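Work through the exercises below with the sequence and the model side by side. Try each task before reading its solution.

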Amino acid sequence: MIALIVLLTVLAGFGAYLLTRRKARSMAAPATVLDSSAEEDSTYRVSYVPPEFQWSGHVSGTLPIKILTYKQYECLEDARYGFRILGLAPSERKLPQPHKTRAHGIKTVASLARHGFLDGDDEVGYVITDHGLNALEVCSVRY
């Protein structure tokens with residue numbers, strides 16, 4: 001009789017162990033899936049930007065605009081990655097450009113230069129300013 005009670009107690013304990021293990025495994029599986037997707041998302045957002053093209057973090061005054069158009073954002077991103085920006089007409093933009101230059105619309109480049117996001121370099125192109133790097137960090141983009 002005592003052996004039967006001990007056997008039932010052991011079986012009940014083993015069943016409870018299996019049940020808690022199954023619950024822990026089912027709860028851990030979705031968390032693992034979420035963590036891996038969060039890692040995947042962050043890997044797509046992180047990209048290499050040379051240190052000289054990262055915002056200094058210093059306050060560079062209030063920004064004249066709060067929303068960038070997609071073309072302005074694309075132009076600033078190209079400048080951020082070290083490309084010299086050229087303002088060209090649509091027919092000239094499709095032509096091959098010199099090394100490390102990107103062509104964008106005349107109005108887009110003029111607008112960014114007027115707001116202080118781009119600054120003319122020694123040649124005919126433009127380079128990004130700290131103000132422009134700040135705009136990339138804080139401005140939203142209108143698609």
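**Exercise 1. List the buried residues of helix 2.**

Solution. Start with the cut-offs: buried means under 20% relative accessible area, exposed over 50%, and partly exposed in between (1.4 Å probe, protein chains only). Helices are DSSP runs (H or I, at least four residues), strands are E runs of at least two, and both are numbered from the N terminus. In helix 2, the buried residues are Gln72, Cys75, Leu76, Glu77, Asp78, Ala79 and Arg80. Just after helix 2 comes Gly82, with a positive phi of about 95 degrees.

The model is predicted: local features need pLDDT of at least 70, side-chain atom pairs count only at pLDDT 80 or more, and totals for chains, interfaces and linings use all residues. Residues are numbered from 1 along each chain as its sequence is written, and side-chain values use heavy atoms, with hydrogens and water left out.

**Exercise 2. At what angle do helix 2 and helix 4 pack, and which residues make the contact?**

Solution. First, the geometry. Axes are lines fitted to C-alpha atoms, for helices over the stretch in contact, and angles run from 0 to 180 degrees between N-to-C directions. Helix 2 (residues 70-80) and helix 4 (residues 106-114) pack at about 75 degrees, with axes 10 Å apart. Helix 2 is therefore roughly perpendicular to helix 4; that class covers 65 to 115 degrees, while under 35 is roughly parallel, over 145 roughly antiparallel and the rest oblique.

Next, the residues. Contact means heavy atoms within 4.5 Å. Helix 2 brings Lys71, Gln72, Cys75 and Leu76, and helix 4 brings Thr108, Val109, Ser111 and Leu112. By class, this contact has 4 nonpolar, 3 polar and 1 charged residues. Here Ala, Val, Leu, Ile, Met, Phe, Trp, Tyr, Cys and Pro count as nonpolar, Asp, Glu, Lys and Arg as charged, and the others, Gly among them, as polar.

**Exercise 3. Which residues line the largest pocket?**

Solution. Take the lining: Lys71, Glu74, Leu88, Arg93, Ala103, His104, Gly105, Ile106, Lys107 and Thr108. A pocket is an open set of points on a 1 Å grid over the protein atoms alone, where a 1.4 Å probe fits, with protein on both sides within 12 Å along at least five of seven lines; lining residues have an atom within 4 Å of a point. Then assign the elements. Helix 2, strand 3 (101-105) and helix 4 each supply at least two lining residues. Sort by class: 3 are nonpolar, 3 polar and 4 charged.

**Exercise 4. Is Gly125 buried or exposed?**

Solution. Locate Gly125 in the loop between strand 4 (118-120) and strand 5 (126-128). Gly125 counts as buried because its relative accessibility is 2%. Not counting residues up to four places away in sequence, Gly125 touches Arg84, Ile85, Leu86, Asp119 and Gly120. Its C-alpha atom is separated by 9.3 Å from that of Ala103, 22 residues apart along the chain.

**Exercise 5. Where is Lys100, and what is its phi?**

Solution. Lys100 is in the loop between helix 3 (90-93) and strand 3. Its phi is near 60 degrees, a positive value in a residue other than glycine. Lys100 has 38% relative accessibility, so it counts as partly exposed.
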